[in-house]
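Hello,

Please find the structure below, handed over for your use. Some notes on what was found follow after it.

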Amino acid sequence: MSLRLANGAKPTGAMTRMLLSALSDQIKPNVRYWGGSGHFTKDVRRCLRGVVTETEPADQNGVRPQRRYYYNQLYPHVMSSNGSLISSSPVWRLIKISECLSATSSNSASCVGTSQERVTTFAYDDRNLYLTSETVAAGDNSISATTTYSYDYAGDLTIVDGPRTDVDDRKYTTYDIFHRPVFQIGPDPDGSGSLPRLAVKHVYDGDGREYLTQSGTATGVDGSGFSVTSFTRRTFDATTGLLIKTEVVQP
Ligand SMILES: [Ca+2]
């Protein structure tokens with residue numbers, strides 16, 4: 001975006017940030033989306049940082065279901081020339097979505113703060129602003145469920161820890177040096193019991209195409225002890241590179 005002040009001058013860095021911040025708060029006009037049958041499917045309001053509200057058509061009770069999106073300016077950190085982490089320019093991140101399980105016909109947000117509100121909140125890490133957790137809770141916090149995300153040094157998502165706390169429901173993914181998923185490993189189905197984890201292995205050819213997808217089991221969260229039970233094999237035309245055959249095989 002190229003900003004100009006009223007006198008035609010270019011704003012300074014700090015002034016640009018102030019102007020962009022003010023502009024990003026400006027709600028753009030409502031955009032109404034229409035389905036093929038001629039009925040509208042939803043109204044969407046946006047500001048510069050993203051969607052602000054999505055409002056569906058009224059149900060049989062005259063209630064218009066609505067999703068409300070909230071954003072915050074967060075500061076990624078970068079390494080300075082003397083080796084310390086410093087705040088970089090702020091960026092907008094989605095931090096909350098509010099929806100109503102039930103609402104009144106006159107106010108799509110009448111549930112806010114009650115058990116009838118479903119609030120999804122997002123948290124980000126301090127350095128790279130990777131998504132680190134997603135919590136779905138009632139508006140009065142009577143119930144909540146949190147999924148957490150872990151990353152390796154390269155920023156690849158390695159562990160998804162689901163909301164269950166009574167069992168270990170973590171899922172794992174390993175990557176090759178090109179950040180392509182290699183093993184996807186499910187939770188241990190029976191804790192210390194003898195059942196292995198369900199696992200999928202992705203195999204790529206020299207052109208980066210996934211020509212083999214193997215399903216099976218693994219004993220380790222890094223894919224060790226992998227045993228194939230079935231696989232999908234893809235064959236590509238040697239001249240055009242197009243997929244010409246897919247085989248699903250039970251060995
Ligand atoms: Ca868990």
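The notes below go from the domains to a nonpolar core and then to one tyrosine.

This is a predicted model, in which local features need pLDDT of at least 70, side-chain atom pairs count only at pLDDT 80 or more, and totals for chains, interfaces and linings use all residues. Residues are numbered from 1 along each chain as its sequence is written.

The domain assignment gives domain 1 (24-147) and domain 2 (152-251); such bounds come from an automatic or database domain assignment. The centres of the two domains, taken over C-alpha atoms, are 32 Å apart. Five residues of domain 1 are in contact with five residues of domain 2, where contact means that C-beta atoms, placed from the backbone, lie within 7 Å. On the domain 1 side, the touching residues are two nonpolar, three polar and no charged (nonpolar: Ala, Val, Leu, Ile, Met, Phe, Trp, Tyr, Cys and Pro; charged: Asp, Glu, Lys and Arg; polar: the others, Gly among them).

The largest nonpolar core consists of six residues: Tyr172, Phe183, Ile185, Ala199, Ala218 and Val221. A nonpolar core is a set of buried Ala, Val, Leu, Ile, Met, Phe, Trp, Tyr and Cys residues joined through C-beta atoms within 7 Å; buried means 20 or more other C-beta atoms within 10 Å of the residue's own, exposed 12 or fewer, and partly exposed in between. Leaving out residues up to four places away in sequence, Tyr172 touches Thr158, Ile159, Ile185 and Val221.

Tyr211 lies in strand 15 (residues 210-218), strands being DSSP runs of E, at least two residues, numbered from the N terminus. Tyr211 is partly exposed because 16 other C-beta atoms lie within 10 Å. Beyond its neighbours within four places in sequence, Tyr211 is in contact with Val203, Asp205, Arg233 and Arg234.

Regards

Notes:
Two residues are in contact if their C-beta atoms, placed from the backbone, lie within 7 Å. Helices (H or I, at least four residues) and strands (E, at least two) are DSSP runs, numbered from the N terminus.
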